[in-house]
Amino acid sequence: MTYERQDITEDFYAGDTKDIEVTIYDQDGQLKDLANSELTYALIYDDAKNPYTLFQKTSVGAIEIEITGTGKCVIHLLPGDTFSFNGTFRHQLHLVDENGYAGIVMSGKVQIFKSFARRSRNSGFEAYLSGTAS
Amino acid sequence: MATFTWKVYSDTPGWKSVSTNTIVFSGSATDLTVPITVGNWNSGCHLGTGDPGTDACGTTHVPNLEYVSSTEFKLNGGTTETISNANLAATECTLQILFTDASSVACSNARFYSFNGTTETTEAVGIEAYAVEGQVAASSWTQINDDSGSIGGDNTGERLSLSDQSAATEHTYYIAVTARPESVGSKTEFDFGIALTYS
């Protein structure tokens with residue numbers, strides 16, 4: 001069952017650490033058993049002409065998507081994931097369960113606001129040369 | 001904790017941390033004490049223990065890149081080459097600058113510049129210098145210092161803009177630099193700097 005219009009429209013600035021909590025139900029309206037499931041999250045640039053994937057997260061072999069209980073998972077977005085983004089994007093969560101059932105279980109818009117307050121670092125290194133007359 | 005590490009390709013040869021040494025532009029491929037004739041570009045590039053101190057390059061000297069035209073260079077006094085990824089290999093660049101962080105971070109607004117060693121926005125004294133970022137499909141030098149024209153320092157239009165880099169725990173920038181004296185004498189008010197923002 002796909003839950004459309006799962007939008008994030010506020011409080012998301014580029015470079016934020018963001019945990020997106022998702023609840024997934026089966027077709028009977030019960031919390032979905034996610035044991036041995038594979039979840040894939042994608043953030044998508046979509047100008048209605050040439051949409052493309054900006055990045056993906058997976059529940060396999062990583063802690064990018066954490067299954068936290070029956071029907072529940074958390075998608076972990078790190079600062080570097082959205083550092084340079086500014087505008088409205090789309091996101092989707094795809095599920096393949098242990099029986100091979102596959103489908104998009106969540107979809108919506110994500111509004112990411114430009115971040116101006118960023119960490120900065122610099123470093124210097126000495127150089128030398130000497131000039132002589134021709 | 002974010003840290004910068006500056007390296008040169010020398011000695012065995014391999015990437016070697018510059019530590020507390022100085023990058024020395026000289027008039028000789030093998031002797032860092034030989035001055036450069038005013039108006040000429042560097043014909044040697046070395047690590048020195050001071051200004052210039054003794055040679056700390058090891059077996060192989062730092063690659064020397066010499067300005068020929070806005071789009072051309074000579075490597076170690078060889079034939080004139082056009083600036084490109086193929087012609088200017090990473091190991092032929094003057095500097096490798098690593099930026100590392102324990103977390104995976106993205107970098108933007110990175111820039112490389114020269115300054116007087118005291119004030120980041122003030123040009124190095126008595127120097128003209130150009131730089132180009134290696135391995136990013138750059139095709140021309142950028143003037144980063146011209147003391148006689150009051151150009152240099154960490155100022156828009158007077159520094160080399162470096163490419164944005166996506167999320168990673170280690171970021172690598174390759175920089176080629178060429179320099180020449182604008183007057184007679186030792187140029188000690190001459191440093192390089194890198195600055196960036198990250199998240």
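View 1. The C-alpha trace of chain A spans about 90 × 30 × 25 Å along its principal axes, and buried residues make up 25% of the 134 residues in the chain. Of the contacts in chain A with a separation of 6 or more, 65% are made by residues 24 or more positions apart. The secondary structure consists of one helix and eight strands, which follow one another along the sequence in the pattern β-β-β-β-β-α-β-β-β.

**View 2. Confidence along chain A, from helix α1 to strand β2.** The average pLDDT of chain A is 91, and 99% of the residues score at least 70. Within this chain, confidence is lowest in helix α1 (residues 79-82), where the mean is 87, and it is highest in strand β2 (residues 38-45), which reaches 96. In general, where pLDDT is low, the predicted coordinates should not be read in detail.

**View 3. An open antiparallel sheet of four strands in chain A.** The strands of this sheet are arranged in the order β3-β2-β6-β7. Because β3 (52-58) and β7 (102-112) of chain A stand at the edges and each has a single partner strand, one side of each is left without a neighbour in the sheet. From one strand to the next, the twist averages 20°. Strand β6 (residues 87-96) of chain A is joined to β7(A) by ten bridges in the antiparallel sense, and A:Arg90 has A:Lys109 in β7(A) as its bridge partner.

View 4. Leaving aside residues up to four places away in sequence, A:Gly15 touches A:Pro79, A:Thr82, A:Phe83, A:Ser115 and A:Arg118 in its own chain, and B:Ser199 in chain B. The C-alpha atoms of A:Gly15 and A:Tyr41, which are 26 residues apart in sequence, are separated by 18 Å in space.

**View 5. The side of chain B that touches chain A.** The contact between the two chains involves 45 residues of chain B and 24 residues of chain A. On the chain B side, at least two residues each are supplied by β1 (3-10), β3 (22-26), β4 (36-37), β9 (95-115), β14 (165-181), β15 (185-187) and β16 (191-198). The largest share, eight residues, comes from β16(B). Sorted by class, the side of chain B that touches chain A has 23 nonpolar, 18 polar and four charged residues.

**View 6. Strand pairing between chain A and chain B.** Strand β8 (residues 119-132) of chain A pairs with β16(B) in the antiparallel sense, and the pairing extends over eight bridges. Within this arrangement, A:Arg121 stands opposite B:Leu196 in β16(B).

**View 7. The overall form of chain B.** The radius of gyration of chain B is 16 Å, which agrees with the value near 16 Å that a compact globule of 199 residues would have. Taken along the principal axes, the box filled by the C-alpha atoms of chain B is roughly 45 × 40 × 35 Å. The secondary structure of chain B comprises 16 strands and zero helices, and 48% of its 199 residues count as buried. Among the contacts in chain B with a separation of 6 or more, 64% are accounted for by residues 24 or more positions apart.

**View 8. An open antiparallel sheet of three strands in chain B.** Here the strand order is β6-β7-β8, and the edge strands, β6 (65-69) and β8 (80-82) of chain B, each pair on one side only. Neighbouring strands of this sheet are turned against each other by 40° on average, with direction ignored. Strand β7 (residues 72-75) of chain B and β8(B) run antiparallel and are joined by three bridges; in this part of chain B, B:Glu72 stands opposite B:Thr82 in β8(B).

How values were computed: Residues are numbered from 1 along each chain as its sequence is written. Chains are lettered from A and ligands numbered from 1 in the order in which they are written. This is a predicted model: local features need pLDDT of at least 70, side-chain atom pairs count only at pLDDT 80 or more; totals for chains, interfaces and linings use all residues. Two residues are in contact if their C-beta atoms, placed from the backbone, lie within 7 Å. Ala, Val, Leu, Ile, Met, Phe, Trp, Tyr, Cys and Pro count as nonpolar, Asp, Glu, Lys and Arg as charged, and the others, Gly among them, as polar. Two strands pair if DSSP finds at least two bridges between them. Axes are lines fitted to C-alpha atoms, for helices over the stretch in contact, and angles run from 0 to 180 degrees between N-to-C directions. The radius of gyration is taken over C-alpha atoms; the globule rule is 2.2 Å times the number of residues to the power 0.38. A residue is buried if 20 or more other C-beta atoms lie within 10 Å of its own, exposed if 12 or fewer, and partly exposed in between; C-beta atoms are placed from the backbone. pLDDT is the predictor's confidence in each residue, from 0 to 100.
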